[in-house]
Amino acid sequence: MIQAINLALTEMMGEDDSVLVMGEDVGVNGGVFRATEGLHARFGEARVLDTPVAESAIVGTGIGMAMAGLRPVCEIQFCGFSYLTMAQLEGHASRVRNRSQGKLTVPMVVRVPYGGGVRALEHHSESREASFAHFPGLKVVIPSTPRNARALLRSAIADPDTVLFMEPKHSYRAWREEVPEAPEQLPIGKAELVREGTDITLIAWGAMRRPAEQAAALLGEQRGATVELIDLLTIAPLDVETIAASVQKTGRCVVVQEAPRSFGVSSELVTVINDRALMYLEAPVARVTGFDVVTPGFSREKAYLPTAGRIADALAATLDF
Amino acid sequence: MPRSPVAHFDIEYLQILDPEGKVDAALDPKLGKDELLALYRGLVWGREADERMLKLQRQGRLGTFSPSVGQEAVSVGPSYCMGKTDWFVGAFRELGGRLMRGHRFRDILLFWNGREEGSAIDPALRTLCDSIIVGAQVPHAVGLAYAQKLRGEQAATVCWFGDGATSQGDFHEGLNFAAVWQAPVVFICQNNQWAISVPRKLQTRSQSLAQKAIAYGMPGIQVDGNDVLAMVVATREALARAKRGEGPTLIEAVTYRMGVHTTADDPTRYRDEAAAQAEWAAKDPILRLRRYLEAKKLWDEKREEALREELRAQIAEEVKAFEADTTFALDAPFEYVFGTEHAAITEQRAEFLALIARDAEREREEAGRG
Ligand SMILES: Cc1ncc(C[n+]2csc(CCOP(=O)(O)OP(=O)(O)O)c2C)c(N)n1
């Protein structure tokens with residue numbers, strides 16, 4: 001996935017002179033995860049900016065650049081440092097369009113590696129998509145595979161608004177997938193129907209797509225039940241239609257989220273289903289989530305993260321309800 | 001009306017012990033034998049512990065950590081000057097200073113191994129945990145110092161951070177508050193020339209980091225950070241000033257990050273500096289104090305060997321204790337969510353324990369089948 005992200009950045013910078021990348025260590029070093037590898041040599045230091053260690057200023061200056069017609073792609077090294085950008089994202093990036101009554105806009109992308117599973121330190125492994133999705137006017141996108149990462153990042157850079165692009169870093173190097181030669185784009189605001197099924201809907205995103213797929217396969221093997229798997233891809237704005245249509249068809253649903261349980265995206269999904277598909281439900285919507293604790297240190301993260309087994313249990317229990 | 005200057009400033013540079021091990025007689029703090037030997041011990045302790053950690057990490061027995069090789073004097077000198085009731089607020093490269101302060105090495109190992117228990121240190125030590133968020137500790141230090149002042153304590157707070165941290169808002173906001181409140185705090189900028197791959201000259205256009213103090217209205221001084229005597233003198237002056245009620249000081253300690261940023265970093269990607277490495281190796285803080293001690297006949301090869309042996313044995317003990325610690329409660333993160341446990345957390349904890357029991361059972365079944 002990291003190569004796919006690098007590819008999308010290379011393509012977009014090549015296609016459009018107004019695209020630039022900036023952040024800590026993105027230049028000569030090519031980024032701590034190597035997402036920007038080769039860009040400095042290719043596009044020069046005016047468009048590949050190694051910034052001082054200052055997240056608020058990275059996003060704040062990005063807002064200025066974007067209002068002036070550039071398309072900055074800011075890298076924040078880890079999710080735990082993205083909170084330093086919240087004041088700029090909530091107070092400004094997401095509101096400039098409204099504040100200026102459409103006269104000014106902030107077409108900017110902020111890339112943030114998030115999530116656990118790579119043995120990182122405190123503040124490096126959180127999943128805080130819900131915190132940002134709560135900001136009106138901010139788009140939150142989470143790719144899950146190399147192919148959709150490239151396609152979505154291209155769309156995010158082309159998008160007229162600010163997109164927080166959260167990359168599940170556990171998936172950076174976890175497996176391979178062919179990415180087609182020809183550039184692709186995927187629409188922002190649209191979920192992906194990963195597999196069709198009739199018995200139960202399973203919703204996941206980011207690094208949770210993998211265990212969700214495994215659980216869906218497992219359930220097919222064990223019980224012959226077919227699972228309809230939806231990968232949200234965009235957290236905000238949410239693709240309510242795809243979710244509602246699926247749950248109306250299957251009548252059952254399980255939501256998987258790595259983040260802490262309370263006040264998260266899964267809570268929003270349950271509400272959406274309540275609003276749009278309550279009369280179709282044959283069981284309460286179940287959730288497999290993280291817990292309302294500080295994301296544990298890496299010695300404990302394996303126990304914390306939702307697994308295929310836990311998801312399969314929830315699917316089975318919901319089917320048996 | 002002609003234009004006229006409204007402010008002038010100079011920034012002093014302080015070095016007492018040069019790389020050859022010679023002391024400037026005019027500046028010599030004239031430390032006693034025991035003091036000098038304690039400082040030397042602290043430096044070697046920091047180095048030995050760090051090197052042990054690197055081996056453990058490379059063997060897969062320890063997680064990612066940030067080495068401090070070559071930078072020992074920046075935390076050892078000040079730590080040695082601090083009183084028991086002074087607060088120690090570090091970033092993540094103050095290993096030598098922390099050991100001197102009384103941190104158990106095994107706790108430090110636990111911390112870097114992703115075990116929250118490593119942070120369960122005695123509050124009486126008055127040291128905060130490492131601050132992984134760059135610069136966030138600066139305002140905390142100012143708050144601690146203000147509390148010391150309000151309570152009328154004869155105490156101060158010492159706060160370390162890197163050159164990269166001086167780019168953060170927290171640094172600027174913290175220094176400004178400290179000066180406005182005349183808080184008894186000593187800021188030590190550990191200028192090791194690099195913030196991961198970004199060299200100091202891309203971090204700030206300031207000629208020195210010490211001069212940032214001027215903007216906030218406090219004294220600033222640049223110190224040879226590989227000279228433990230200069231670190232002692234500068235910290236003592238700043239601590240005395242703080243405790244006299246004269247407010248904060250900023251010390252820029254000029255040093256060099258000899259090794260990797262963290263064990264996950266590959267510096268060959270962004271720096272090719274054989275010459276710089278050699279130059280700084282010659283300025284090594286341990287080497288130069290050793291030369292000085294030898295010239296004073298306070299040190300020789302035999303004592304060196306004895307010290308290294310003693311420290312290595314102690315470090316080995318601590319590593320053993322660290323690795324023997326298998327009391328590894330997986331539900332520890334539920335323990336300290338709130339001061340009083342909330343019913344929702346209690347419920348989630350029970351659910352969590354049931355889930356991991358189920359996961360373990362499933363793994364056993366799979367192993368049995370395979
Ligand atoms: C707020 C924040 N941003 C980014 C990081 C990632 N990071 C860790 S250390 C570091 C460089 C810090 O440089 P400096 O302050 O000079 O300290 P040094 O590592 O050189 O000791 C960066 C960017 C972080 N930990 N916290």
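Two strands pair if DSSP finds at least two bridges between them, and strands (E, at least two residues) and helices (H or I, at least four residues) are DSSP runs numbered from the N terminus. This is a predicted model in which local features need pLDDT of at least 70 and side-chain atom pairs count only at pLDDT 80 or more, while totals for chains, interfaces and linings use all residues. Residues are numbered from 1 along each chain as its sequence is written, chains are lettered from A and ligands numbered from 1 in the order in which they are written, and side-chain values use heavy atoms, with hydrogens and water left out.

**View 1. Strands β3 and β4 of chain A pair in the parallel sense.** Residues 71–75 (β3) and 109–114 (β4) of chain A are joined over three bridges, and Arg111(A) in β4(A) is the bridge partner of Glu75(A).

**View 2. Seven strands of chain A form an open sheet with mixed pairing.** The strand order is β2-β1-β3-β4-β6-β5-β10, with β2 (48–50) and β10 (234–236) of chain A as the edge strands, each pairing on one side only.

**View 3. The ligand lies between chains A and B.** A polar side-chain atom of Glu55(A) lies 2.4 Å from a ligand nitrogen atom, whereas a ligand oxygen atom is 2.7 Å from a backbone N or O atom of Trp194(B); a polar contact is a pair of N or O atoms within 3.5 Å, and within protein one must be able to donate a hydrogen and the other to accept it, with residues adjacent in sequence counting only if both atoms are side-chain atoms.

Definitions and conventions. Near = heavy atom within 4 Å.
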